[in-house]
Amino acid sequence: MTDAPMVKETGIKRMTWRCFGLMAGMILLMVQTGCAVLQFDNSYYSPRNRERAVRKTTSLIILHTTEAPAASALRKLRDLGECHYCITGDGKVYRIIDHRREAYHAGRSMWNGRTNVDSFSVGIEVCGYHNKALTKAQYRALADLVGELKSIYRIPDQNVLAHSHVAYGTPNKWHRRSHRGRKRCGMLFALPAVRKQLHLKTRPAYDPDVKAKRLVIGDSYLHQVLYGKNFTGLTGVPTAAISFPKEDNVIAVGRSAWDIARDAYADASTTYIFPNGTKKRGDEIADFKFIPPGTKVIVNTETIADNRPDNYQVISATCKASDIAGDETLLPSTLYIYPNGRFVAGNKLNAASVEKLPAGTKVLVGYAVGGPITATRPASAFCGNRWRAKDTFFLFYGQLVPGNKVDDSKIPAGAYVFYKG
Ligand SMILES: [Zn+2]
């Protein structure tokens with residue numbers, strides 16, 4: 001609460017934030033916004049606010065579903081500063097990050113060729129699930145909030161997107177190329193019937209990054225929901241009646257561990273129950289291609305960071321560069337960091353030499369290089385405020401250190417910074 005910047009705003013914009021002193025607990029701020037009254041609850045205002053940069057531009061509003069109950073979601077969103085607002089089932093709107101600052105909500109993301117969607121969007125989390133109807137109170141509160149943000153930033157309806165519109169994944173065991181479909185977060189916000197509740201008249205007609213061949217479709221079901229004609233038939237259906245087919249959590253022909261668990265497929269918190277009843281954690285499975293059909297996959301949604309850091313992957317005897325980077329193995333945006341601390345970009349290697357990289361070589365896919373860092377050219381000179389993001393990495397003394405863990409006073413001259421390009 002005391003972190004609230006003292007600014008003059010109307011609605012969100014014209015209100016004067018006041019510190020109500022030592023009053024403990026919840027404080028509701030009432031804001032007159034023409035016909036609607038937007039109330040904010042500041043009891044989960046994030047301590048991360050002060051370290052977040054003010055965005056230079058804002059052209060998208062990104063809608064998320066928490067995929068977890070409100071209490072745990074709010075705590076995590078506050079602690080990590082992962083959205084601007086969170087709306088609980090009773091329609092209460094919690095302010096997490098000041099809407100003008102950057103929140104880390106979109107993770108690896110791209111829209112119309114522009115990556116790092118956090119740097120040009122406002123992110124709203126709605127407590128609920130990507131394939132379940134929300135409460136009437138949530139639709140009402142979200143409609144008011146989206147309406148207010150649209151008017152502040154002059155954002156057209158087709159730029160109000162679901163997280164699943166913009167999230168993308170780099171190559172993995174199932175996809176040779178960077179792909180759309182890393183998550184289904186907020187998927188229901190693409191449905192015309194839901195958009196109607198939010199007073200949104202249009203939605204994007206196609207995926208601009210798939211069209212431009214920057215990405216391939218990694219989840220054809222999601223693609224159908226976001227753009228397909230099948231789902232537009234829901235227009236006019238009462239929103240409470242919306243239901244999606246149940247998402248099966250059993251591995252079958254054509255339904256892989258990735259289809260079920262997405263990027264959490266190899267996590268310790270993901271459990272595989274084999275047809276014979278034995279259980280294994282995701283991090284105990286050596287070969288995901290040999291999981292028998294009928295295996296159940298239990299994903300612990302409460303432990304998944306919606307916005308997980310993109311950690312680097314490591315080359316080993318059984319995991320070669322091409323297993324990690326797929327068709328992006330020889331691109332300049334794929335970086336290989338040798339065990340001795342030197343690094344090379346994929347375009348400086350060839351098909352033969354890349355397979356000979358030593359075990360222990362770290363791999364970053366979809367990154368740009370800044371450096372060398374000097375006293376007069378700090379990391380921010382190369383990548384702006386992204387230098388302290390958790391998916392940015394610093395290379396010095398042979399170590400890769402994430403931006404959110406680095407002590408900026410200890411970054412030596414000559415270090416390099418790798419940030420999502
Ligand atoms: Zn999300």
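Contact here means that heavy atoms lie within 4.5 Å of one another. The structure described below is a predicted model. In this model the largest nonpolar core has 44 residues, and the largest share of that core, nine residues, comes from helix 2. A search of the whole structure finds zero disulfides.

**Surroundings of arginine 184**

- Arginine 184 is placed in the loop that runs between strand 11 (179-180) and helix 4 (192-197).
- With neighbours within four places in sequence left aside, arginine 184 is in contact with His130, Ser164, Asp219, Tyr221, Leu222, Glu247 and Arg262; with one of these residues, aspartate 219, the side chain of arginine 184 makes a polar contact of 2.8 Å.
- Arginine 184 has a relative accessible area of 11%, and it therefore counts as buried, since buried means under 20%.

- Helix 2 covers residues 136-153, which makes 18 residues, and the distance from its first C-alpha to its last is 26 Å, close to the 26 Å expected at 1.5 Å a residue.
- The buried residues of helix 2 include Gln138, Glu148 and Lys150, together with Tyr139, Leu142, Leu145, Val146 and Leu149.
- Just after helix 2 comes arginine 154, whose phi is positive, at about 55°.
- Within the largest nonpolar core, the residues with the most contacts are Leu63, Ile124, Leu142, Leu145, Phe189 and Leu198.
- At least two residues of this core are supplied by each of strand 2 (36-41), strand 3 (60-65), strand 4 (85-87), strand 8 (121-126), helix 2, strand 9 (160-162) and helix 6 (220-227).
- Isoleucine 124, when residues up to four places away in sequence are not counted, touches Ile61, Ile62, Leu63, His64, Tyr85 and Ile87, and also Leu142, Leu145, Val146 and Leu149.

**Surroundings of arginine 101**

- Arginine 101 has its place in the loop between strand 5 (93-95) and strand 6 (110-111), and with a relative accessible area of 22% it is partly exposed.
- Apart from its neighbours within four places in sequence, arginine 101 is in contact with Asn49, Arg50, Arg52, Ala53, Val54, Arg55 and His84.
- A polar atom of the side chain of arginine 101 lies 2.6 Å from the backbone oxygen of arginine 52.
- The C-alpha atoms of arginine 101 and serine 121 are separated by 9.6 Å, while the two residues are 20 residues apart along the chain.

- Four strands, in the order 16-19-17-18, form an open sheet whose pairing is antiparallel.
- Strand 16 (313-314) and strand 18 (343-345) are the edge strands of this sheet, each of them pairing on one side only.
- Strand 17 (residues 334-337) pairs with strand 18 in the antiparallel sense over three bridges, and valine 344 in strand 18 is the bridge partner of tyrosine 336.

Note on methods:
Residues numbered from 1 in each chain as written. Predicted model: local features only at pLDDT ≥ 70, side-chain atom pairs only at ≥ 80, totals over all residues. Heavy atoms only, no water. Expected span 1.5 Å × (residues − 1). Buried < 20%, exposed > 50% of the residue type's maximum accessible area, 1.4 Å probe, protein only. Core = buried A, V, L, I, M, F, W, Y, C linked by side-chain atoms within 4.5 Å. Pairing = 2+ DSSP bridges. Polar contact = N/O pair within 3.5 Å; in protein donor to acceptor, adjacent residues only side chain to side chain. Disulfide = S-S within 2.5 Å.
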